[in-house]
Amino acid sequence: MHNITVIPGDGIGKEVMEASILVLDALDIDFNYKIAPAGCKCFKKTGTTIPEETVKLTKKSDATLFGAVTTVPHRKSAIITLRKELDLYANIRPVKSYPGVKSLYDDLDFVIVRENTEGLYTGIEEETEEGATALNVVTRKASERICRFAFEYAKKTGRSKVTAVHKANVLKKTDGLFKETFYKMAEDFGGIETDDHYVDAAAMFFITNPHMFDVIVTTNLFGDILSDEGAGLVGGLGLAPSSNIGDNNALFEPVHGSGPDIAGKGIANPSAMIISSIMMLDYLKEHDAARVTENALKNVLIEGKVLTPDFGGNASTMEMAQEIRSKII
Ligand code: NAD
């Protein structure tokens, strides 16, 4: 039995979550789901974007599934709060091609490991006479653990190279520390090739030569931006999953947001949420179920008959999920 906190959130977050649960329920695994509120609708109802009970529940669970939330201006972000409260310091964002999906590249398979707790996402901002400032926090501790995580991830998953992405030429102290920590950490991982790139160059190489990447480790903001660029290489946000991993907890979510332009139409692509659920299955050591689900998704993509509009089809979110489910049962 796995205890799973389910946070559907807002807009298409709720829609892709329903689709994902439909698929997970076809597996021969006992899940005990607890649905918890967060996001914009929750704020309108309760005055908070993330109730304390939701945070408590995620801490007690074996894993959390998170759909997506609509941002409430000037209020704390539900997802950033969870990342901080659960100390989910590593955000893993695979850039992986899937068969049958029209994309710029059909043979990519690399992973972005994004530092998830600090950088420019600490939310420490200040209004000044001239305008405003934001604090870019880079600590030795957080840099060490994210770099160690990236090297260990590479070792565990049989990958051969780790690339640090930073802007140490301009952010000499903060990103300078990140880069220095990366190369120090590399000394503990002898067999793994290393290199590093400035983020602007890396952004170009994503387009011109993405095969050069295997595992990328980077700071919070650069990881956020590059992972959307990575999604664009392999078929768009509908296909981009992520996991947020800490020492005691883990949360799985699509890279996309609440999709206000398509919310309520039932046409959101459920794949990113479903692949995030597959990452959860692997985290829970349900590897056979993960592969069965992944193959079901791949088969639906290859057949190309029941796809959402962003993939050129005319199926609804739930029709596509139902089709994936039918390949499992
Ligand atoms: P978005 O990811 O919601 O949408 C960007 C574009 O991609 C839209 O055109 C949307 O229709 C499309 N898209 C996204 N997911 C799709 C899917 N599954 N299938 C088909 N098309 C899809 O980003 P946005 O519009 O910039 O943000 C909307 C809201 O979501 C904002 O309030 C933003 O702050 C929030 N947001 C939340 C999260 C999160 O909860 N983790 C992440 C990103 C954005």
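In this predicted model, helix α9 passes helix α10 in a left-handed crossing. The contact between them draws on Ser271, Ile274, Ile275, Ile278, Leu281 and Asp282 from α9, and on His287, Ala289, Ala290, Arg291, Thr293, Glu294 and Leu297 from α10.

**Helices α9 and α10**

- Helix α9 spans residues 271-283 and helix α10 spans residues 287-303; their axes come within 8 Å and cross at roughly 160 degrees.
- The two helices α9 and α10 are therefore roughly antiparallel to each other, as an angle over 145 degrees counts as such.
- Sorted by class, the residues in the contact of α9 with α10 comprise seven nonpolar, three polar and three charged ones.
- In an α-helix there are 3.6 residues a turn, so residues three or four places apart point the same way.

**Helices α10 and α11**

- Helix α11 covers residues 317-328, and its axis comes within 8 Å of that of α10, with a crossing angle of roughly 125 degrees.
- That angle makes α10 oblique to α11.
- The crossing of α10 and α11 is right-handed, whereas α9 passes α10 in a left-handed crossing.
- On the α10 side, the residues that meet α11 are Val292, Thr293, Ala296, Leu297, Asn299, Val300, Leu301 and Glu303.
- On the α11 side, the partners are Met320, Glu323, Ile324, Lys327 and Ile328.
- By class, this contact of α10 with α11 has eight nonpolar, two polar and three charged residues.

**Positive phi angles in loops**

- Most residues other than glycine have a negative phi.
- Lys285 has a phi near 65 degrees, a positive value in a residue other than glycine.
- Lys285 sits in the loop between α9 and α10 and is exposed, with a relative accessible area of 66%.
- Asp87 counts as partly exposed, at 31% relative accessibility.

**Cysteines**

- A search of the whole structure finds zero disulfides.
- For Cys42, the closest cysteine sulfur is that of Cys40, 9.5 Å away and too far for a bond, because a disulfide needs the two sulfur atoms within 2.5 Å.
- Cys42 counts as buried, at 7% relative accessibility.
- Cys147 is buried as well, with a relative accessible area of 0%.

- Helix α4 (residues 78-85) includes the buried residues Ala78, Ile79, Thr81, Leu82 and Arg83.
- Ser143 belongs to helix α5, which covers residues 140-156.
- With a relative accessible area of 1%, Ser143 is buried.
- Apart from its neighbours within four places in sequence, Ser143 is in contact with Glu118, Val138, Phe178 and Thr181.
- Ser143 and Ser258 are separated by 115 residues in sequence and by 30 Å in space, C-alpha to C-alpha.

Definitions and conventions. Residues numbered from 1 in each chain as written. Predicted model: local features only at pLDDT ≥ 70, side-chain atom pairs only at ≥ 80, totals over all residues. Heavy atoms only, no water. Buried < 20%, exposed > 50% of the residue type's maximum accessible area, 1.4 Å probe, protein only. Axes fitted to C-alpha atoms, helices over the stretch in contact; angles between N-to-C directions. Helix = DSSP H or I, 4+ residues; strand = E, 2+ residues; numbered from the N terminus. Parallel < 35°, antiparallel > 145°, perpendicular 65-115°, else oblique. Left-handed = near helix turned anticlockwise from the far one by under 90°. Contact = heavy atoms within 4.5 Å. Nonpolar A, V, L, I, M, F, W, Y, C, P; charged D, E, K, R; others polar.
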